[in-house]
Structures are given as structure tokens and as C-alpha cells.
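Try each task before you read its solution.

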Amino acid sequence: MAANFWTSSHCKQLLEPEEVDVVPSLDKEKGLTLEEFKMIKIHMTNYISRLGQQCKVRQRVVATAITYFRRVYTRKSMTEYDPLLVAPTCLYLASKAEESTVQARHVIFYIKKIPDKKYVYDLKDILEMEMKLLEALNYYLVVYHPYRALSQLLQDVGMADLTILSWSLINDSYKMDLILIYPPYMIALACIYIASVLKEKDTTAWFEELHVDMNVVKNISMEILDFYDAYKQSIPDERINAALSKLSSKP
């Protein structure tokens, strides 16, 4: 593992926003819109979280799995790589990368615990997809997350009472592609910024001492708040199913 984020493969793979919000050409040919592309990623992010809870893995494993999932679709299409199979395979792969291994057969077992008939795969499917994902990820499996930075930063500012809210904001940040675009500590700072505003805590002087680009912090904050505004209600199953059905239809 790289000694720090700045020398890691994660850092070298950070993308520009316009490189992330792009529907792969094969999916576009199937009629998948950018909104549907985002909806599927949100839906599968939630699914990975639920499956992770069933498998009783640490939050870090879930976060790494979601990062893999989102990173794959900056390189591959959903037509080629079925998200319904990629999602549980990412969790299986992440559990190994984070040294908290869940056996593939257990992943299959827990998939069946979640009441959704769409997620029916066998052991062979998971193991075959694992090899494809490793190649799609260029075998770069190290992922840095905002959680560690969050704890250190809150200790520095002396506002441990913001921990629960900030942590929750970071969890929700994985429903977006922020982890593919920004350094983890900047995401942590944005979540602290939002939490401090909501809790009416004055952190202005502290942020000034950090000498960070507040424009970036505020941009990330706005992306998170805009996400909450856009998805106040859960996405109806009918919309998800309609989007997924396009992937299996003929262009």
C-alpha cells in the first residue's frame, strides 16, 4: 500500500467531473440517459450498503466496494458489465482488498436474504466477474476514504460533537462520484463545513488556518446539498426497472 494518498494509485486516478458524468457509448445506444445512469448507480450503491450490512462487513469495505463500482463505469459500460452482478462482486473483491474477507458463497447466501428477485447469481458468476473487474480496475485496489481524515480534522478543530452528522454526510457522499474526483480530506472538510453550518458552529477562523481552497470545499458542499434536494424521495422501483431494462434490450 502506498505510504500516503499523494503517492497512491488512488490519487493518480482522480478524474475531472466531466470525465465521470458520461454515459458510456454502448449504454447511450441503448437509450440510457444521464439521469438514468446516475439513478442506477445510486440504486446499486444502496444495494451494496444493504448487502454489506447482511454480510456484517465494516463500513470501509462497503465504501471501497462502492468506489470500485463507480470507477468501473468510468471505463466500462453497463451493457457489457451488468450492474446487478458487478455490485455484489465489488463487495466480494473489496472484502479481500480490505483484509476482511467474505467468502463468495456467503455473498451468494446473503444476496438471497435481500428480497429482490433481480439479484440471482451463482458462485461461478461472481468469480468470473471478479477477474473482469480486476482487469477493468487495472488491478489498482487501494482506496483512501474521508473517514480517517474526518476524525483527525474534528479532533483538530475540537468539535467532536459534529462527528455523527459529518460521518453521515460522508456515507451519503458515496451516492455521488465525489470519491472519484476529489482528495478524501477535501470531502471530509466539505462534510465538516456543512455540519458546522447546520449546527451553527463558527469554523471560519479554523478553515482560514488550514489554507485550503474554500472554493473547492464549497463546491463539494453544494454538490452534496444539491443531491439531497434532487433525491428527497427514494427513486421508485418502476424507474429503476425501466432503466435497467434498456440495458438488456436491443438498440
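**Exercise 1.** Which residues does Asp177 touch, not counting residues up to four places away in sequence? Then work out whether Asp177 is buried or exposed.

*Solution.* Keep in mind that you are looking at a predicted model.

Step 1. Find Asp177 in the loop that links helix H10 (163-173) to helix H11 (178-181).

Step 2. List the neighbours: leaving out residues up to four places away in sequence, Asp177 touches Val20, Asp21, Lys41 and Arg70.

Step 3. Look at the side chain of Asp177. A polar contact joins it to the side chain of Lys41 at 2.9 Å, and another joins it to the side chain of Arg70 at 2.8 Å.

Step 4. Check the accessibility. The relative accessible area of Asp177 is 9%, and buried means under 20%, so Asp177 is buried.

**Exercise 2.** At roughly what angle do the axes of helix H9 and helix H12 cross, and which residues in H9 meet H12?

*Solution.* A pair of packed helices is described by the angle and the distance between their axes.

Step 1. Take the axes of H9 (residues 146-157) and H12 (residues 184-198): they come within 8 Å and cross at roughly 55°. H9 is therefore oblique to H12.

Step 2. Name the residues. From H9, Pro146, Ala149, Leu150, Leu153 and Leu154 meet Pro184, Tyr185, Ile187, Ala188, Leu189 and Ile192 of H12.

Step 3. Sort them by class: the contact of H9 with H12 has eleven nonpolar residues, no polar and no charged ones.

Conventions. Residues numbered from 1 in each chain as written. Predicted model: local features only at pLDDT ≥ 70, side-chain atom pairs only at ≥ 80, totals over all residues. Heavy atoms only, no water. Helix = DSSP H or I, 4+ residues; strand = E, 2+ residues; numbered from the N terminus. Buried < 20%, exposed > 50% of the residue type's maximum accessible area, 1.4 Å probe, protein only. Polar contact = N/O pair within 3.5 Å; in protein donor to acceptor, adjacent residues only side chain to side chain. Contact = heavy atoms within 4.5 Å. Axes fitted to C-alpha atoms, helices over the stretch in contact; angles between N-to-C directions. Parallel < 35°, antiparallel > 145°, perpendicular 65-115°, else oblique. Nonpolar A, V, L, I, M, F, W, Y, C, P; charged D, E, K, R; others polar.
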